[in-house]
Amino acid sequence: MGIEDNTRPLEDGIVTDFSKRMNYGSYLALPELLSLQRPVSDPVHHDEMLFIIQHQTSELWIKLLLHELRSARDLMRDDDIGTALKRIARVKHIQETMTQQWSVLATLTPTEYSEFRDFLANSSGFQSHQYRAVEFILGNKNAKMLRVFDSDPEARQVLQDLLDEPSVYDEFLRYLARHGYPIPERILTRDVTKAWVLDPELLPIFKGIYESTGDNWRVYEACEELVDLEDNFQFWRFRHLRTVQRTIGMKTGTGGSSGVDFLQRALSLTFFPELFAVRTEIGA
């Protein structure tokens with residue numbers, strides 16, 4: 001038996017008795033996890049399962065993004081820039097996976113989606129507190145967003161905490177200051193609850209880093225990792241926009257937003273504006 005009948009025999013050492021052992025399913029809580037896909041359409045539409053799993057898996061990836069970004073921020077605060085960059089490298093791979101995932105949802109045609117869309121009522125990705133948390137920890141803070149989560153105190157508190165805490169970029173600039181770069185004091189003591197906006201006084205500092213990479217290799221590398229991170233985020237935003245456009249056109253979003261137009265405006269938001277603006281200065 002075996003290869004001849006196209007089966008693979010169990011090796012003697014493989015554990016098969018899990019009556020008193022933790023197994024794969026119990027470790028991952030698979031019975032609970034796989035019971036959470038609950039279509040609300042009536043009769044149940046075949047494609048709603050795709051829609052639910054797409055968004056649930058995105059939320060799981062975003063949970064990991066936040067886990068890694070919090071760690072990267074705290075490592076920068078503790079001057080461990082090497083490990084912080086390792087965390088960001090992982091974030092970049094997660095972002096790529098999330099962006100590629102839109103191609104699966106794009107197989108949902110406008111006709112198919114319209115057959116169960118009304119059952120979603122006002123539920124919308126706009127209400128994802130984890131997505132908003134990623135924007136907050138990267139510096140796109142907006143206190144007005146908190147009221148969307150007034151009915152969910154736990155989610156609101158997550159956002160309030162991130163609103164009050166320094167962003168990844170705040171901690172990077174503080175790291176630079178501790179390592180001899182002339183970051184203005186007003187930046188180091190700024191109100192971190194406000195969204196970051198471009199500060200021209202930082203451009204000569206970053207220009208010096210980029211034009212003398214040999215003397216600034218570690219922070220130069222960090223700058224480029226942050227640029228990659230923002231690029232990936234913008235790719236994800238754009239892929240989201242295009243998927244929405246091909247699925248619902250210019251319709252209003254289920255959560256009440258203007259839909260594609262609302263997503264289009266998000267593309268103008270930036271996390272690390274000086275790291276892009278400095279490119280105009282380099283070699284000028």
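Which residues line the second largest cavity? The lining of the second largest cavity consists of Asp170, Leu173, Arg174, Ile187, Leu188, Arg190 and Val192. Helix 8 (168-178) and helix 9 (185-188) are the elements that give two or more residues to this lining, and helix 8 gives the most, with 3 residues. By class, the lining of the second largest cavity holds 4 nonpolar, no polar and 3 charged residues. Its space comes to about 40 Å³.

The model is predicted, so that local features need pLDDT of at least 70 and side-chain atom pairs count only at pLDDT 80 or more, while totals for chains, interfaces and linings use all residues. Residues are numbered from 1 along each chain as its sequence is written, and side-chain values use heavy atoms, with hydrogens and water left out.

The chain contains 13 helices and 0 strands, where helices (H or I, at least four residues) and strands (E, at least two) are DSSP runs numbered from the N terminus. Along its principal axes, the C-alpha trace spans about 70 × 55 × 40 Å. Of the 284 residues in the chain, 41% are buried (under 20% relative accessible area, with a 1.4 Å probe and protein chains only). The accessible surface amounts to about 16200 Å², and carbon and sulfur atoms account for 55% of that area (Shrake-Rupley method, 1.4 Å probe). Among contacts (heavy atoms within 4.5 Å) with a separation of 6 or more, 71% join residues 24 or more positions apart.

Rolling a probe the size of a water molecule over the atoms shows where empty space is left. A search of the whole structure finds 2 cavities of 30 Å³ or more. On a 1 Å grid over the protein atoms alone, a cavity is a set of points where a 1.4 Å probe fits but cannot get out, a pocket is an open set with protein on both sides within 12 Å along at least five of seven lines, and lining residues have an atom within 4 Å of a point. A volume is the space filled by probe spheres set on the points.

The largest cavity holds about 90 Å³ of space and is lined by Ile62, Leu65, Gln95, Met98, Tyr131, Val134, Phe233 and Trp236. At least two residues of this lining come from each of helix 3 (48-77), helix 4 (81-105), helix 6 (129-138) and helix 11 (217-248). The lining comprises 7 nonpolar residues, 1 polar residue and no charged residues (Ala, Val, Leu, Ile, Met, Phe, Trp, Tyr, Cys and Pro count as nonpolar, Asp, Glu, Lys and Arg as charged, and the others as polar).

The second largest pocket has a volume of about 200 Å³. Its lining includes Leu33, Leu34, Gln37, Ile53 and Glu59, and helix 3 gives the most to it, with 5 residues.

The largest nonpolar core has 68 residues, of which Leu138, Tyr169, Phe172, Leu173, Leu176 and Phe206 touch the most other members. Helix 11 provides the largest share of this core, 11 residues. Such a core is a set of buried Ala, Val, Leu, Ile, Met, Phe, Trp, Tyr and Cys residues joined through side-chain atoms within 4.5 Å. Beyond its neighbours within four places in sequence, Leu138 is in contact with residues including Leu69, Leu229, Phe233 and Phe271.

Leu85 is found in helix 4 and is buried, with a relative accessible area of 6%. Neighbours within four places aside, Leu85 is in contact with Arg218, Glu221, Ala222 and Glu225. The C-alpha atoms of Leu85 and Glu225 are separated by 7.2 Å, although the two residues lie 140 residues apart along the chain.

Technical notes: Buried < 20%, exposed > 50% of the residue type's maximum accessible area, 1.4 Å probe, protein only.
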